[in-house]
Amino acid sequence: MASTPCDVAPKSKASLEDDQPHLANSLTTNMTNKVETMIWQGGTEGHLDMIDQTLLPNEMFRIECRDVETVWEAIKMLRVRGAPAIGIAAAYGVVVGLQTVNDETEAFFARFDEVTAYLATSRPTAVNLFWALDRMRRKMDSVREDLSVAEIREKLLVEAKLIHEEDRKMCHSIGAHGADLLKGVKGVLTHCNAGGLATAEYGTALSVFFTAQDQGHDLHVYVDETRPLLQGARLTAWELMQRGINATLICDSMAAQVMREGRVQAVVTGADRIAANGDSANKIGTYSLAVLARAHGIPFFIAAPSSTFDVTLSSGDEIPIEERSSTEITHGFGRQTAPTGVQVYNPAFDVTPAELIEAIITENGVIQPVNEENIQRVLNYV
Ligand code: MRU
């Protein structure tokens, strides 16, 4: 179960480098508007079925996770990614991981500790992972004295399904609150992927755009490609096109020019972890967008569910930032694009200070201005 650094490796040849139109077209016709990132199949002895996001947009391939190692690898390699989706996958991963042990009480509880500790090593930044594992533990602790192991397995599966279903609802509420903030906006910019693929369904930042569209608001969404793993180009552009939203792909370095030309009147992104003071970690490049937005007088919004807040951290300085393999930069999608032996720094996330965030859109409402007091109030902690 040791953690090893690894790269995002496409599973088959017909993958990210293969942009043949017939593949993209067959994908479009096979897909409904709903992106079911994950589906649990069966009862407590069932398995987790998920889209392998490393293959999108050219290939729709689902993976069957029948052991916890496969779930761990899927999270680590970004086959499933995006903070809420990682949490959901981890919750189901606990159920799968417990299948290898029989109903002997001590062995079962020991395995629970082993599986949750293991899953916690998959990725460090998105707090939803730890939030979901903690919820699974609290569920187990609440029933361990009174129920048989077989019954506890059932309760844990129900809890994982609840986490999944609640996220679906949270996304729709975020969309409703966020759409109101975009009244009068024609162009909007987003970064990375905070859509249905990154959540149970519908997304956080993209949910705001989907809801605005459902309300008859024609938005033009500019999509940062999101170096180095291109979640914007591969996933967000794809999701927006699936829903018929006007989407224009740009390189990350073009954002300032797009703002200067007056093409966007708002920026909306997701988040991976939000500290008590509102400092927000999200995909690398988000912080620069917030700085640019401030320089151009454009509001910068974060859309995130309450499961993304980590009020145990007083500021963003305490958020652990994942560093990923150098080959994601030197050998993006298989081709070497930098000299052999070059030094590389590859932080996967950055932290946007609260003072650059106009508002945080949650399922409970909008936090504006962004400060500790308003966070506590909107999240109902006080
Ligand atoms: O490395 P990733 O693809 O998991 O990063 C994802 C993001 O940064 C998303 O913006 C964030 O998790 C919010 S998803 C609703």
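Between domain 1 and domain 2 there are 18 residue pairs in polar contact, both residues at pLDDT 80 or more. A polar contact is a pair of N or O atoms within 3.5 Å; within protein, one must be able to donate a hydrogen and the other to accept it, and residues adjacent in sequence count only if both atoms are side-chain atoms. Helix H1 (21–30), helix H3 (83–97), helix H5 (127–143) and helix H6 (149–181) each give two or more residues to the side of domain 1 that touches domain 2. Helices (H or I, at least four residues) and strands (E, at least two) are DSSP runs, numbered from the N terminus.

This is a predicted model, in which local features need pLDDT of at least 70 and side-chain atom pairs count only at pLDDT 80 or more, while totals for chains, interfaces and linings use all residues. Residues are numbered from 1 along each chain as its sequence is written, and side-chain values use heavy atoms, with hydrogens and water left out.

**Domains and their interface**

- Domain 1 covers 13–170 and domain 2 covers 176–378; such bounds come from an automatic or database domain assignment.
- The domain centres, taken over C-alpha atoms, are 24 Å apart.
- In contact (heavy atoms within 4.5 Å) are 38 residues of domain 1 and 35 residues of domain 2.
- About 3,100 Å² is buried between the two domains, with carbon and sulfur atoms giving 55%. Buried area is the accessible area (1.4 Å probe) that two parts lose on being put together, summed over both.

**Salt bridges**

- The structure holds 20 salt bridges. Each is a side-chain nitrogen of Lys or Arg within 4 Å of a carboxyl oxygen of Asp or Glu.
- Arg 153 and Asp 103 form a salt bridge, at 2.9 Å from N to O. Arg 153 lies in helix H6 and Asp 103 in the loop between H3 and helix H4 (105–119), so the pair ties together parts 50 residues apart in sequence.
- Across the interface of domain 1 and domain 2 there are 2 salt bridges.
- Glu 201 pairs with Arg 168 in a salt bridge, their closest N and O atoms 3.1 Å apart.

**Aromatic pairs**

- The count is 4 aromatic pairs. Rings of Phe, Tyr and Trp (its six-membered ring) pair if their centres lie within 6.5 Å; planes under 30 degrees apart count as stacked, over 60 as edge-to-face and the rest as tilted.
- Trp 40 and Tyr 92 are stacked, because their ring centres are 5.2 Å apart and their planes at 15°.
- Trp 40 sits in strand E1 (residues 38–41) and Tyr 92 in helix H3, 52 residues apart.

**Backbone features**

- Most residues other than glycine have a negative phi, and most peptide bonds are trans.
- Leu 56 and Pro 57 are joined by a cis peptide bond, with omega about 10°. Pro 57 is in the loop between strand E2 (47–51) and strand E3 (62–65).
- Gln 368 and Pro 369 are joined by a cis peptide bond, with omega about -5°.
- Thr 226 has a positive phi, near 75°.
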